[in-house]
Amino acid sequence: MRVYISGAITSLAERGEDYVKPFRDCAYELKKRGYSPVNPLDYQKEIYAKYNGKPTHADFMNELLKVLLDCDGICMLDNWTESVGAECEKYVAEETGKIFVEFR
(Lines give C-alpha, C1' and ligand atoms only; values in the text may rest on other atoms or scores of the structure.)
Protein backbone atom coordinates (compact mmCIF):
# COMPACT_ATOMS: atom_id res chain seq x y z
CA MET A 1 0.00 0.00 0.00
CA ARG A 2 1.38 3.38 -1.07
CA VAL A 3 1.15 5.94 1.74
CA TYR A 4 1.70 9.66 1.09
CA ILE A 5 3.44 11.57 3.89
CA SER A 6 1.96 14.98 4.68
CA GLY A 7 3.38 17.65 6.95
CA ALA A 8 4.78 21.13 7.31
CA ILE A 9 7.55 22.15 4.94
CA THR A 10 7.32 25.86 4.12
CA SER A 11 6.69 27.11 7.66
CA LEU A 12 9.64 25.12 9.01
CA ALA A 13 11.93 26.16 6.17
CA GLU A 14 11.04 29.82 6.72
CA ARG A 15 12.07 29.48 10.38
CA GLY A 16 15.29 27.70 9.42
CA GLU A 17 14.15 24.44 10.99
CA ASP A 18 14.83 20.98 9.62
CA TYR A 19 11.79 19.88 7.65
CA VAL A 20 13.52 16.89 6.03
CA LYS A 21 14.09 14.70 9.10
CA PRO A 22 10.40 14.25 10.06
CA PHE A 23 9.63 13.05 6.52
CA ARG A 24 12.63 10.69 6.46
CA ASP A 25 11.81 9.28 9.90
CA CYS A 26 8.21 8.68 8.92
CA ALA A 27 9.21 7.03 5.63
CA TYR A 28 11.56 4.72 7.53
CA GLU A 29 8.84 3.71 10.02
CA LEU A 30 6.23 3.18 7.31
CA LYS A 31 8.62 0.99 5.36
CA LYS A 32 9.35 -1.07 8.50
CA ARG A 33 5.59 -1.63 8.85
CA GLY A 34 5.33 -2.93 5.28
CA TYR A 35 4.01 0.19 3.57
CA SER A 36 5.49 1.87 0.49
CA PRO A 37 6.09 5.44 1.69
CA VAL A 38 5.69 8.32 -0.74
CA ASN A 39 7.74 11.28 0.39
CA PRO A 40 6.76 14.57 -1.30
CA LEU A 41 10.32 15.83 -0.83
CA ASP A 42 11.41 13.24 -3.40
CA TYR A 43 9.51 15.23 -6.05
CA GLN A 44 11.13 18.63 -5.40
CA LYS A 45 13.80 18.40 -8.13
CA GLU A 46 11.25 17.28 -10.69
CA ILE A 47 8.89 20.13 -9.79
CA TYR A 48 11.67 22.72 -9.87
CA ALA A 49 12.70 21.47 -13.31
CA LYS A 50 9.13 21.50 -14.64
CA TYR A 51 8.67 25.13 -13.57
CA ASN A 52 12.09 26.39 -14.71
CA GLY A 53 13.47 26.62 -11.19
CA LYS A 54 10.73 28.93 -9.93
CA PRO A 55 7.71 26.93 -8.81
CA THR A 56 5.10 28.69 -6.70
CA HIS A 57 3.39 27.14 -3.72
CA ALA A 58 0.40 26.52 -6.00
CA ASP A 59 2.66 24.71 -8.48
CA PHE A 60 3.91 22.42 -5.71
CA MET A 61 0.36 21.75 -4.53
CA ASN A 62 -0.91 21.02 -8.05
CA GLU A 63 1.85 18.48 -8.64
CA LEU A 64 1.80 16.89 -5.19
CA LEU A 65 -1.97 16.48 -5.09
CA LYS A 66 -1.63 14.37 -8.23
CA VAL A 67 0.90 12.22 -6.37
CA LEU A 68 -1.43 11.94 -3.37
CA LEU A 69 -4.32 10.84 -5.58
CA ASP A 70 -2.18 7.93 -6.84
CA CYS A 71 -1.68 6.69 -3.28
CA ASP A 72 -3.85 4.39 -1.18
CA GLY A 73 -3.39 6.23 2.08
CA ILE A 74 -1.93 9.23 3.85
CA CYS A 75 0.12 9.68 6.98
CA MET A 76 -0.07 13.06 8.69
CA LEU A 77 3.03 14.22 10.55
CA ASP A 78 2.49 15.79 13.97
CA ASN A 79 3.24 19.25 12.55
CA TRP A 80 0.63 19.11 9.77
CA THR A 81 -1.56 21.76 11.39
CA GLU A 82 1.21 24.33 10.73
CA SER A 83 0.76 23.88 6.99
CA VAL A 84 -1.98 25.14 4.72
CA GLY A 85 -0.76 22.64 2.11
CA ALA A 86 -1.00 19.71 4.54
CA GLU A 87 -4.49 20.83 5.54
CA CYS A 88 -5.44 20.75 1.87
CA GLU A 89 -3.85 17.30 1.45
CA LYS A 90 -5.79 16.01 4.47
CA TYR A 91 -9.04 17.33 3.04
CA VAL A 92 -8.39 15.76 -0.36
CA ALA A 93 -7.45 12.47 1.30
CA GLU A 94 -10.66 12.46 3.35
CA GLU A 95 -12.83 13.34 0.37
CA THR A 96 -11.27 10.69 -1.86
CA GLY A 97 -11.47 7.87 0.69
CA LYS A 98 -7.78 7.47 1.48
CA ILE A 99 -6.82 5.31 4.44
CA PHE A 100 -5.21 7.25 7.30
CA VAL A 101 -2.08 5.64 8.72
CA GLU A 102 -0.81 6.72 12.16
CA PHE A 103 2.81 7.60 12.78
CA ARG A 104 4.10 7.93 16.32
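# A guided tour of the predicted chain

Residues are numbered from 1 along each chain as its sequence is written, and side-chain values use heavy atoms, with hydrogens and water left out.

**The fold**

Switch to a cartoon, where five helices and four strands make up the secondary structure of the chain (helices, H or I with at least four residues, and strands, E with at least two, are DSSP runs numbered from the N terminus). Followed along the sequence, these elements give the pattern β-α-α-β-α-α-β-α-β. The radius of gyration of the chain is 13 Å, close to the 13 Å that the globule rule gives for 104 residues, so the chain is as compact as a globular protein of that length; the radius is taken over C-alpha atoms, and the rule is 2.2 Å times the number of residues to the power 0.38. Along the principal axes, the C-alpha atoms fill a box of roughly 35 × 30 × 20 Å.

Colour next by burial: 40% of the 104 residues count as buried (under 20% relative accessible area, with exposed meaning over 50% and partly exposed in between, for a 1.4 Å probe and protein chains only). If you display contacts (heavy atoms within 4.5 Å), 68% of those with a separation of 6 or more are between residues 24 or more positions apart.

**The charged side chains**

The chain has 14 positive and 18 negative side chains, and the centres of the two sets lie 5 Å apart, with each charge placed at NZ of Lys, CZ of Arg, CG of Asp or CD of Glu. With a salt bridge taken as a side-chain nitrogen of Lys or Arg within 4 Å of a carboxyl oxygen of Asp or Glu, the count comes to seven.

Glu82 lies in the loop between strand E3 (73-76) and helix H5 (84-95), and Arg15 in the loop between helix H1 (10-14) and helix H2 (20-32), so the pair ties together parts that are 67 residues apart in sequence. Glu82 is partly exposed at 38% relative accessibility, and Arg15 is also partly exposed, at 46%.

Move to helix H2 and select Lys21 and Asp25, which are four residues apart and thus separated by about one helical turn; the closest N and O atoms of their salt bridge are 2.6 Å apart.

In helix H4 (residues 57-69), Glu63 and Lys66 are three residues apart, again about one helical turn, and their salt bridge has its closest N and O atoms 3.5 Å apart. Here Glu63 is buried, with a relative accessible area of 11%, whereas Lys66 is partly exposed at 48%. Now select Arg15, Glu17 and Glu82 together, which salt bridges with shared partners join into one network.

**A last stop in a loop**

Finish at Asn52, found in the loop between helix H3 (44-50) and H4. Asn52 has a positive phi of about 50° although it is not a glycine. Most residues other than glycine have a negative phi. Asn52 is exposed, with a relative accessible area of 71%.

How values were computed. Predicted model: local features only at pLDDT ≥ 70, side-chain atom pairs only at ≥ 80, totals over all residues. Lys, Arg positive; Asp, Glu negative; His and termini not counted.
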